Every structure is written in C-alpha cells, then in structure tokens.
Amino acid sequence: MNLPDLSDVQGLAAYGYGKLTQACYLLLRIRNAAAARSWIGSVMDLQLVSTAEKREHGPETALQIAFTSAGMRALGLPERIIAGFSAPFINGMAGDANRSRRLGDIGNNDPDYWGWGGPGKPVDLVVMLFARQNLEKWQATIQTAPWHDAFDIVLTLATSDLGGLEPFGFTDGISQPEFDWAREKSAAGNTVAYSNVAALGELLLGYPNEYGKYTDRPLLETSDDPADDLLPAEDHAASKDLGLNGTFFVLRQLEQDVRGFWQYLARVAGPNAEERERLGACMVGRTLNGDPLIPPSGEKIEGIVDEAGKPRNSFTYDHDLGGVQCPVGAHIRRANPRNADLFGRPSGPIATLFNLLGIPEPKLRDDLMASTRFHRVLRRGREYGSKLTPDAALQPEPHDDPPRGLHFACLGANIARQFEFVQNAWLMSSKFNFLTEEDDPLLGNRAAVGDCPNTGNFSIPRDGKVARRLTGIPQFITVRGGEYFFLPSLRALRYLSQAR
C-alpha cells in the first residue's frame, strides 16, 4: 500500500488557502495548443504550481490548474485516453438536458442563460490564483512568455473576502470531511455510527474509495508515456495511471439575492428582528454566528475536532428525526444528513442484525436515506461581491447594486456519486427524507418536479404542535455559469505539457 506523494498532488486537495484572501479564477480558451503546452511546461519548470506538501509556514501565493475534457482535447490528448474519464466529466456540466434537469439547472438556472460554460460559451481550463496580497502582481508573474499566445480569457471570476461569512451573512466553511491521507481506514461494511472520515479514494483518483473500489480513470499503455514520468496504477501495475493523485473540480457561479432573502423573511416574521433571524437560521440549519441548531451530542465523532469552546460540528440528527430542533429540510441537513448506513433505525448489534435480515422494527421511518459516507465532497468556494448586512438588505435596492454570490467549488473523485447525487437527490429533491413540495430553501429553483407543482415551501416542525409551513418562497440563488474540470497531479500536468 502506497501513501500519496504530496509533492505530486495540487495543494487545493489539502488546503483551502483561506489565509490567501485575494483570489480569482481565470476561465480560458486555448487558442494555440503548442503555446499552451509550453506555458504549462514553463510553470512546472519554475515550480509555480502549489502542492499538498506540508510547510512550516504557509505560502504567500498559490497557483492551481484544471482542465475540461475539451481543454485536454485541445492540448492534443488522444480521444482514446480521454474516453477513460467518467461520462459526466467528458460530457460537461451542461452537456445534456437530462443532466441539467437533475442538477436543477432549469428555468432561471438554464445553461442558455449562463455567462460561461453553457451552450456556445465553452471553457478549456481554469487557472486559479490565490495571494495574501498583490494578486495583480502574482497574476503578472504566472503569465510567462507563452501565455498571451496560448489563451483567450473567457472571463475572470473575481472574489471577495467577507471575513468568513457567505453573502447572506451566515458563518461559512465550518464543516468539511476529513480524508484518510494516511490510508488507515479500511473499506467498511454496514456502519451504524456517523463518521467524518472518508477514504482517500473519495477525494483522489487511484486509491480505494468507501466501497473498497478504484474509480475509473485513464490507464495508459507504457508506450503512451515515452518520458516514463507517470506512476503505475495501484490496481493495474502494468498500466500508467494518468488520474493518480488527481481529482475532479466542480465550479459553479451562484448569484445570491441577499436583499430578496432577508426581505422575504421580514415579510413572514413581521417587525420582530429576532424572529427574522430565527427563521433564517431554520432555513440554513445554523445561526448567523455558525452555531448549529442541534446541541452537541456529547459523544466523540470520528474525524471531528471542534475549536475550544465552539462545538460547531460535534452533532448528528439521530435524536431529532422529526426535525424539531433542526428542520429536516434545512440546507446543511440536506447537504450532509450526518447519518450512517442504518439511518433512522436504532443502533446496536441487534438492530443491525434485524436490518441485514430484513426484519422490520416498530415505528421505523419508511424512507431510509442514502448513507452520507458515499457522497461527501470537499468544498473550496469563494464569495464575490460586497458585504451586505441583514439589516441593510431590508433597504430598497439602489440602481447600481452590484451582484453578490458564491463561486461554489468542490473536489471529489466521482462527480456522479458525489456532487451530482447531493445536488439531485438531496438539495433539489422535493421529497427529501419524507418531505413533500419542498426543495432546498436556499438553493432550490422552485420549479415543479414530477407530481409536485409547487416546491416553494419550507416546514418548521414544532414539538407537540402542528408544523409551521412557510409558503411562496422565491428563488434566492441563480446559477450564472458552471463546468466540470479535472485537477491533474503534477506528473499528469507535465504529461499534458508534452501531449501531441
């Protein structure tokens, strides 16, 4: 069993570069393939691509590079090698109408309206730049001689530093999975307790995932690697592994209607500011300062170490199945149900045996949810636009009000089973975990789904009382662009710089 070579892994897989508060995403088209390959080779020679290696002091700058399937094709990678990647990556985020429907990219979210990544607006690669200061100087540094011959800039996605808040005003970036970099985790059978630790193969290609399997990726013949730089596949020793130490990078530009969010809550709550914030917290699943609506469980959860005095992650929903403390449809509960394989059932060896034998338990919920451990993603998003406080959001919109939102970004080894599953089955589903006629209160597009003509509702259960249901919730977040990228290892970057 091999441990990952951290010098071969792009750093975004290990670090969010949160202290590098200046950042941008350069969305590019390849105009000249030879010049593009030359530029990749030059930044590799200058060691400008940041890695996952541990450092005593954090970097002052970081550079990351990821490609669409069209981008690798434009570089000269043969089609037979590209065919080794997964279908979602090859087809792209807006590749077909069925995928758009599953992702909720219909209505106002339709790719036809996107500023990039949609029909007629392709992107070949994204160059991500992070800096502690002087971002413009860092950008000029990486634009070595071949850059201007190689690329056309489709769009530069600027970012903001909102001090750890997302644009609606809630503390963000609190909960992330921990990946098993030391490869100590074995593939489990049925689990009865939620764990925050995921197999390394859920993040990086070329390693076993939570099923104990290796995700499909391009495996090359030795003759395909004349420089003999790529490493052999762990599961196919005779093949070179182009995917090893790489991952998929999902990027979506999500514009947030901050004024619309708080003004809707003001209409529902009336003049009571505390009630307005409480309803917003119910939709999110956390208060404005990031505290979960569920109290700490008091039990240690594998992979979670809370900051002293701030138990923001040491909880599950096991004792709140009805959503009295945190509504079942709250955003963070949909995005991560914090369940194990036997969600909704009593724990212990007897209950596990009953489940395996198919023996029903009394008063069990009918709709057992998919286990969280198979669907985790590593989020790496950045906000954009100026800060707008909840109180200021209640004021009329000026004519020059700038757009605000989130450049949602996440990493994972399986686009379909991770990002697409969460987006389709949990966030956009109108029947998530026994709910009806509701989609995600933040991300939902409010479009009709099947036999649910109305999804603009949100239920807030109350102990011993009829649940309160908010209705007529408008769409607060609109997709403005998106694409699937492959974030290669440094060895694979070098290989792509030599593609013909």
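These legends describe close-up views of a predicted model. Local features need pLDDT of at least 70 and side-chain atom pairs pLDDT 80 or more, while totals for chains, interfaces and linings use all residues. Residues are numbered from 1 along each chain as its sequence is written, and side-chain values use heavy atoms, without hydrogens and water.

**View 1. S489 sits in the loop between β15 (477-487) and α13 (490-497).** Helices (H or I, at least four residues) and strands (E, at least two) are DSSP runs, numbered from the N terminus. S489 has 2% relative accessibility, so it counts as buried (under 20% relative accessible area; exposed is over 50%, partly exposed in between; 1.4 Å probe, protein chains only). Leaving aside neighbours within four places in sequence, S489 is in contact with D8, L244, N245 and G246 (heavy atoms within 4.5 Å).

**View 2. R417 forms a salt bridge with E202.** The term means a side-chain nitrogen of Lys or Arg within 4 Å of a carboxyl oxygen of Asp or Glu. Here the closest N and O atoms are 3.0 Å apart. R417 lies in helix α12 (residues 416-427) and E202 in the loop between β6 (197-198) and β7 (219-220), so the pair ties together parts 215 residues apart in sequence. R417 is buried at 13% relative accessibility. E202 is buried at 1%.

**View 3. E210 and R373 meet in a salt bridge of 2.8 Å, N to O.** E210 is in the loop between β6 and β7, and R373 in the loop between α11 (349-357) and β10 (378-379), 163 residues apart. Both residues are buried. A network of salt bridges links K185, E210, D341 and R373.
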